[in-house]
Amino acid sequence: MSVSTPAYGGATAPVSSSVSALDTAPAKTKPSVLLSVLRRAASPLVLMALWEVASRTGLLPERVLAAPSQIFVTLGELIASGEMGGNVWVSLHRVLTGLSVSLTLGTALALIAGLSRQGEVAVDSTMQMARTLPFLGLVPLFILWFGIGEFTKIALIAFATTFPMYLTLYSGIRGIDSKLVEAARLFGLSYPQLIVHVILPGALPSFLVGLRYSLGVSWLSLVAVEQINATAGLGYLINNARDFMRTDVIVVCLLVYSLLGLATDLLVRAIEHYALAWRPTFIKD
Amino acid sequence: MQTIQLDLPGTGITARNDGASSFRPDAPVPPRTPVQARLLSKQFGPNVILDQLNLDIRAGEFVALLGRSGSGKTTLLRALAGLDRITSGSLEVPRARAAVFQEPRLMPWKRAWRNVTLGLKIDQPRERARKALAEVGLDHRENAWPATLSGGEAQRVALARALVREPQLLLLDEPFAALDALTRIRMHQLILALWRQHRPSVLLVTHDVDEAVLLADRVLVLEKGRIVSDIAITQPRPRSAERPEFQRVRAQLLQLLGVETDAPAPVPEPEIPAPVHTPFNFSNFSI
């Protein structure tokens with residue numbers, strides 16, 4: 001907007017109006033934080049209220065979807081009885097075991113492929129091919145090979161989460177500025193020192209992206225593998241609830257899945273904040 | 001005097017550790033020419049970059065290497081640094097050598113002081129780093145992340161990182177090229193002061209004729225992989241670009257580099273136009 005008024009005239013009205021517009025602009029932004037939060041929360045809240053009303057009036061039968069109030073009550077009951085805690089622990093244990101396998105495997109393979117040409121030839125093409133296999137399609141094969149016990153569940157989680165870690169760490173290693181590697185060599189770093197002081201820290205930002213992605217995939221694969229003959233865990237709760245048409249329990253379990261996903265994502269963000277403190281985006285001084 | 005010969009596998013370099021004066025204060029004078037290149041050649045495929053080049057750098061000597069782009073300056077520096085293997089010939093360089101490049105090449109994930117002591121196995125690394133940073137005037141920035149340093153500061157940290165290793169040969173690959181003019185003048189003074197104090201042999205690769213004449217004991221001109229000119233600069237430091245001797249050497253070097261110059265008259269200062277006062281006017285005011 002441009003103010004076009006006679007140059008030296010007594011045209012005070014338009015000028016003062018434009019000044020007042022300038023003054024109020026920054027003042028507006030300050031209290032708007034709360035307002036925008038409320039505004040963003042409004043539509044889900046309205047939706048919940050409609051859902052509740054629909055349930056109470058019988059428009060939405062409980063065997064289709066339980067009322068939000070019922071879901072919260074069920075959540076409280078499951079927590080109080082200890083059922084939720086025990087099953088979440090079983091699921092968490094599966095995810096963590098699978099992730100520790102994939103973390104070890106993905107890191108080792110990425111180092112082999114990233115650090116040498118022979119390693120790249122030996123590892124990368126196989127990994128790139130295996131990566132395209134839909135891991136859900138492997139479920140029947142894994143059941144045939146390893147049965148329907150814990151091993152299959154953990155192996156599938158590990159399989160699904162290895163690739164994001166491998167790919168990001170591998171590309172992180174290859175993306176390191178060769179000038180830094182050269183300087184490190186000139187200043188007398190041995191090969192192991194080079195890996196510890198230059199290559200791994202340099203590849204860390206990209207690896208942490210892979211880790212976040214892996215965590216997301218791990219919860220997704222958990223949902224899938226817990227449909228296979230589980231006797232404990234969130235998937236078991238869901239399967240049981242299906243048999244008894246307890247839609248409230250199913251929704252509670254879905255909520256817990258998403259909360260767990262959110263929590264692990266926050267964890268990686270915290271790690272990023274600490275480990276990548278050197279990045280310009282995090283520097284605050 | 002005892003000389004230890006060391007073969008660095010893969011680099012084609014014979015490194016020499018002369019029992020180092022820093023370890024034995026009563027030792028005889030260090031060798032006169034720590035850097036000796038004889039018939040040194042470097043080829044990339046069919047391209048000859050360095051062509052049977054001979055080079056001596058005496059202990060404590062400040063040598064500048066000039067040349068057009070593509071003349072092999074950087075290749076020679078990289079060979080001296082041990083970063084590239086040479087194709088043929090012999091090359092003798094001291095084992096203790098360090099380099100500062102055009103970019104600071106600091107590890108962004110290490111704080112300034114950790115960059116200085118990178119790869120060093122020493123006692124009290126932090127103390128050593130602080131001393132080295134104090135020498136370049138940056139002891140107050142020891143905990144800074146490299147991303148928060150200005151270009152000049154980062155380059156000074158890189159200089160501290162090189163000097164903390166007490167090099168016998170300091171290689172400078174256009175270290176001032178990316179700095180603004182004022183910072184560059186300060187860096188020239190700093191590098192001369194540090195050179196006087198530590199007395200390493202210095203090879204400065206540059207494309208700036210004035211910089212070479214200002215700093216070096218000897219200016220070499222590289223062309224097509226050979227040193228075609230070797231000019232000793234005897235003027236006492238600090239040198240001034242206004243002095244006629246300076247202008248004469250500069251004109252000579254520019255001619256060698258293929259830049260035609262007229263009589264070496266000082267370039268007049270460009271006339272700065274007087275600021276025009278424009279009264280404030282709402283009509284040229286827009287939001």
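Domain bounds come from an automatic or database domain assignment. On that basis, chain B has domain 1 (29-96 + 168-261) and domain 2 (106-165), while chain A is divided into domain 1 (12-60) and domain 2 (70-275). This is a predicted model, in which local features need pLDDT of at least 70 and side-chain atom pairs count only at pLDDT 80 or more, whereas totals for chains, interfaces and linings use all residues. Residues are numbered from 1 along each chain as its sequence is written, with chains lettered from A and ligands numbered from 1 in the order in which they are written.

**Domains**

- In chain A, the centres of domain 1 and domain 2, taken over C-alpha atoms, are separated by 39 Å.
- In chain B, 25 Å separate the centres of domain 1 and domain 2, again taken over C-alpha atoms.
- Ten residues of domain 1 of chain B are in contact with eight residues of domain 2 of chain B (contact: C-beta atoms, placed from the backbone, within 7 Å).
- H5(B) gives five residues, the largest share of the side of domain 1 of chain B that touches domain 2 of chain B.
- That side of domain 1 of chain B divides into eight nonpolar, two polar and no charged residues (Ala, Val, Leu, Ile, Met, Phe, Trp, Tyr, Cys and Pro count as nonpolar; Asp, Glu, Lys and Arg as charged; the others, Gly among them, as polar).

**Helix H5 of chain B**

- Helices here are DSSP runs (H or I, at least four residues), numbered from the N terminus.

**Helix packing in chain A**

- H3(A) (residues 68-81) and H11(A) (residues 247-275) have axes that come within 9 Å and cross at roughly 75° (axes are lines fitted to C-alpha atoms over the stretch in contact, with angles from 0 to 180 degrees between N-to-C directions).
- That makes H3(A) roughly perpendicular to H11(A) (65 to 115 degrees).
- Gln70(A), Ile71(A), Thr74(A), Leu75(A) and Leu78(A) of H3(A) make the contact with Asp248(A), Val249(A), Val251(A) and Val252(A) of H11(A).
- The residues of this H3(A) and H11(A) contact divide into six nonpolar, two polar and one charged.
- H8(A) (residues 178-186) and H9(A) (residues 191-225) pack at an angle of about 165°, with their axes 11 Å apart.
- H8(A) and H9(A) are therefore roughly antiparallel to each other (over 145 degrees).

Definitions and conventions
Helices (H or I, at least four residues) and strands (E, at least two) are DSSP runs, numbered from the N terminus. Angles under 35 degrees count as roughly parallel, over 145 as roughly antiparallel, 65 to 115 as roughly perpendicular and the rest as oblique. Two residues are in contact if their C-beta atoms, placed from the backbone, lie within 7 Å.
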